[in-house]
Each structure stands twice: as C-alpha cells, then as structure tokens.
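Student: Could you take me through one part of this protein up close? I'd like to look at the nonpolar core and the strands around it.

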Amino acid sequence: FGGGFGGSTGIAVSMSNLTIQNGNVRELAGDPNGGGNLAFGGAIRYDGFGVSATHGSLTLTNSTLNNNQSDNAGGGVYHVFGSFNASGSTFSGNISNAGDGGGGVFFSASTSNSNASVTNSTFSGNEARQGVVFGTPTTNADGGGISFTTDLNILTVNNTNFINNIAQEDGGAFKILNGLATVTGGAMTGNTARRHGGGAFGDQETPGGGRFFTFSGSTLRGNT
C-alpha cells in the first residue's frame, strides 16, 4: 500500500523536503485474491475519495522520489481521486512494471474538481513497462514520466523537464487521457515511446469533449 507512504479517505496530505527511494511494492505470489491489484505506488499510494464524495489532495514540495518500483501502475506515485500538486521535486529512475503505466506518477481523477499541477520539477529515467497482472499480460504501459487520466479536469505543467523517460506504449514523457494539458516552459528531451508520442501523447474518449494540448515556450528535442 505504497512503498513509503499510503493515504486514503479524502485527507489533505503535504510532504516537503522528503526523499523516498528504493521502495518496491510487489504482487503477493500465490495470493488467491490477486495481490497484484494492490501493488500500486512504489513510493506513494494515495486515494483522495472521502466521506460524502469529498476530495482530498496530495502535495509534494522540494521532494525526491528515486529508484522506486511497483508491480502495477505508478512506479513513483499512484494517485486516484482528489488533486495532485508537485513543486520543486525530482522523480528519477522509478518503474511501473505492469498495469496502466506512469513510471514516475500515475494520476486518475475519476471525478470532477480533481486537477493536477507540476511546477519546477524534473522527471528523468522513469519507465512504464508491460507486465502481468492477475496472470494476464497488460498492454497499457503509457506515460514513462507521467500518466494522467483527468476526466475533463486540467493538468498544468510549468517549467518542468522530462529527460530520458520510456513508455512501452504511448507518451514517453507523459500521456494525458480525457483532459486539458497546458505545458509552459521546460523541456522534453530524449524520451522514448515504443508506439505513439515519444515526447507526449494525448487521447480523448469523450465525443465532443474539446480537450487538447497547449504548449508554450517549451522545447521538444530528440524524442522518439
């Protein structure tokens, strides 16, 4: 339940000047209930859904998540419901070994009023790999740095660098599904996707949703 920290029930969690490294959340071999469904968040797993459908938040400031891994989604952070904010933080060498990806961060809003913001941060050398969950191979290894399913919410990325991240499917640096991504400044360099979007990949499953990427003053170079 999160290699370094697990939180739930809609609480507001803030972490600052913190290092979490070498976390390893493993599927429980031989578990008849399928332990892999809990193997999320190599460093942090957070569920922001609270009482009476309230929403919590997770905020990371000047923190480092390094060399963590999970057997399911979210090598560094696995976050569902609520809001996510990271500032001045570094996510490096984190690996999601199966599931829906998010080598550095996996974020799924699932409800409204669940926006995400990343500012003055670095994602380097994170990887979203394909693997096996419940004995079944998974294919959605998206978002080497970040995988965001925002469900008509907003992802804001400011002055953040994505370097040498890898996705076995889509979005070497990051993938966004069903939301609006606004990226200002920063650079995406040397990231790799085995299928679509070496730098970034966006997808929209809601007809007429009208959501899209906006890039301003950003550098995209050497992504494949």
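Tutor: Here is a walk from the whole chain to the core, then out to some strands and a loop.

Keep in mind that this is a predicted model. The chain has 224 residues, and 51% of them are buried. Its secondary structure comes to 29 strands and 0 helices. Take contacts between residues at least 6 apart in sequence: 82% of these join residues at least 24 apart.

Now for the core. In soluble globular proteins, nonpolar side chains tend to be buried together. The largest nonpolar core here has 30 residues, and the ones touching the most other members are Ile44, Leu60, Val77, Phe84 and Phe174. Zoom in on Val77: if you skip its neighbours within four places in sequence, Val77 is in contact with Ile44, Leu58, Leu60, Leu65, Phe84, Phe91, Gly104, Val105 and Phe106. There is also a second, separate core of 5 residues, with Phe40, Ala73, Tyr78 and Phe106 among them.

Next, the strands. In a regular strand the side chains alternate between the two faces of the sheet. E2 runs parallel to strand E6 (residues 57-61), and 5 bridges join the two. Across that pairing, Ser14 stands opposite Thr59 of E6.

Parallel pairing turns up again in an open sheet of 6 strands, in the order E4-E8-E12-E16-E22-E26. Strand E4 (24-25) and strand E26 (192-193) stand at its edges with a single partner strand each, so one side of each has no neighbour in the sheet. At the E26 end, 2 bridges join E26 to strand E22 (residues 166-167), the two running parallel. Ile166 stands opposite Thr192 of E26 there.

Asn153 sits in the loop between strand E19 (146-149) and strand E20 (154-158). Why does Asn153 count as buried? Its relative accessibility is 4%, and the cut-off for buried is under 20%. As for what its side chain meets, a polar atom of the Asn153 side chain lies 3.1 Å from the backbone nitrogen of Ser114.

Technical notes: Residues numbered from 1 in each chain as written. Predicted model: local features only at pLDDT ≥ 70, side-chain atom pairs only at ≥ 80, totals over all residues. Heavy atoms only, no water. Core = buried A, V, L, I, M, F, W, Y, C linked by side-chain atoms within 4.5 Å. Buried < 20%, exposed > 50% of the residue type's maximum accessible area, 1.4 Å probe, protein only. Contact = heavy atoms within 4.5 Å. Pairing = 2+ DSSP bridges. Helix = DSSP H or I, 4+ residues; strand = E, 2+ residues; numbered from the N terminus. Polar contact = N/O pair within 3.5 Å; in protein donor to acceptor, adjacent residues only side chain to side chain.
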